[in-house]
Amino acid sequence: MTEPTADVPNAPEPAERAATEPITDTPGVESASAPVAGPAGRRTDETGGGPAPTIIVLTEEALKPVDVDKILGLHEDDAPTYRVLVPADTERNLLSSFLNHLSLFEMREALESLRPVDRSEAHTDADTALSRSLAEFGGHDVVATGEITADDPMPTLVEEVARLDALEVVVVTEPHAVEDTFHTDWASRARETLGVPVLHMYAGDWRLG
């Protein structure tokens with residue numbers, strides 16, 4: 001003869017326990033899908049992102065539409081900001097300029113390059129080149145700032161690359177037979193000095209230097 005057993009109430013299913021237990025918020029813990037504010041008010045998420053990268057553009061003259069189109073096409077998916085540097089060419093090497101124009105059969109420009117440099121005019125030309133370049137970028141609804149540098153832009157370029165943690169440097173110049181041949185051009189010097197990619201473009205042309 002067996003003794004009767006007492007009825008044992010069924011334990012609640014896990015889903016029922018979850019519904020009946022109080023929910024405790026843990027301070028300082030955010031949902032993985034919640035956006036997090038990045039530097040300078042930018043919104044990023046925990047799976048990646050961050051502040052937009054910066055591309056530094058060193059140019060000896062006003063950027064043309066074809067130049068800006070080519071530069072913007074390099075990093076379309078990164079949506080970078082741009083920093084434009086324009087040197088004030090107040091101490092141009094007359095012999096180098098003469099030989100550069102002569103090698104391209106630009107006789108009139110070769111003769112004009114032998115004239116002494118007007119420092120005030122050189123600063124005005126640099127300011128105009130910077131304004132026009134920034135206007136070209138502005139027409140594409142991208143963020144672009146800039147400044148005029150000394151004749152030798154390398155010290156400012158090095159500082160800006162470090163300050164902005166630049167992703168890349170783009171150098172835009174006319175062809176220079178002497179500097180390009182002996183690798184004393186800005187792009188060659190930048191490649192030897194900087195730890196970031198340096199791309200050399202010829203102004204108004206789709207060729208790379």
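In the predicted model, the side chains of Glu-61 and Lys-64 are joined by a salt bridge with an N to O distance of 2.7 Å. Lys-64 is partly exposed, its relative accessible area being 33%. The count of salt bridges comes to five. Another of these pairs Arg-83 with Glu-160, whose closest N and O atoms are 2.9 Å apart. This pair links distant parts of the chain, since Arg-83 belongs to strand β4 and Glu-160 to helix α6, 77 residues apart. Both Arg-83 and Glu-160 are buried.

A salt bridge is also found between Asp-152 and Arg-189, with the closest N and O atoms 3.1 Å apart. Asp-152 lies in the loop between β5 (144-149) and α6, whereas Arg-189 lies in helix α8, so the pair ties together parts that are 37 residues apart in sequence. Asp-152 is partly exposed at a relative accessible area of 36%, and Arg-189 is partly exposed at 29%. Through salt bridges that share partners, Arg-83, Glu-147, Glu-160 and Arg-163 form one network.

Helix α8 (residues 186-193) contains the buried residues Trp-186, Ala-187, Ser-188 and Ala-190. The buried residues of α8 pack against β3, β4 (81-87), α6 (154-164), β6 and β7. The N-terminal end of α8 is capped by Asp-185, a side-chain oxygen of which lies 3.3 Å from the backbone nitrogen of Ala-187.

Strand β6 (residues 168-173) is mostly covered, with six of its six residues buried. Burial extends to both faces of β6: Glu-168, Val-170 and Val-172 are on one side, and Val-169, Val-171 and Thr-173 are on the other. Strand β3 (residues 54-59) pairs with β6 in the parallel sense over five bridges, and Ile-55 stands opposite Glu-168. Strand β7 (residues 198-202) likewise pairs with β6 in the parallel sense, over five bridges; Met-201 in β7 is the bridge partner of Val-172.

The largest nonpolar core comprises 19 residues, and those with the most contacts inside it include Val-57, Leu-63, Tyr-82, Phe-137, Val-170 and Val-172. Two or more residues of this core come from each of β3, α2 (65-72), β4, α5 (119-138), β6 and β7. The greatest contribution is that of α5, with four residues. A second, separate core of 15 residues includes Leu-58, Leu-157, Ala-166 and Leu-194. Leaving aside residues up to four places away in sequence, Val-170 touches Ile-55, Ile-56, Val-57, Leu-58, Ile-71, Leu-74, Leu-199 and Met-201.

Methods:
Residues are numbered from 1 along each chain as its sequence is written. This is a predicted model: local features need pLDDT of at least 70, side-chain atom pairs count only at pLDDT 80 or more; totals for chains, interfaces and linings use all residues. Side-chain values use heavy atoms; hydrogens and water are left out. Buried means under 20% relative accessible area, exposed over 50%, partly exposed in between (1.4 Å probe, protein chains only). Two strands pair if DSSP finds at least two bridges between them. Contact means heavy atoms within 4.5 Å. A polar contact is a pair of N or O atoms within 3.5 Å; within protein, one must be able to donate a hydrogen and the other to accept it, and residues adjacent in sequence count only if both atoms are side-chain atoms. A nonpolar core is a set of buried Ala, Val, Leu, Ile, Met, Phe, Trp, Tyr and Cys residues joined through side-chain atoms within 4.5 Å. A salt bridge is a side-chain nitrogen of Lys or Arg within 4 Å of a carboxyl oxygen of Asp or Glu.
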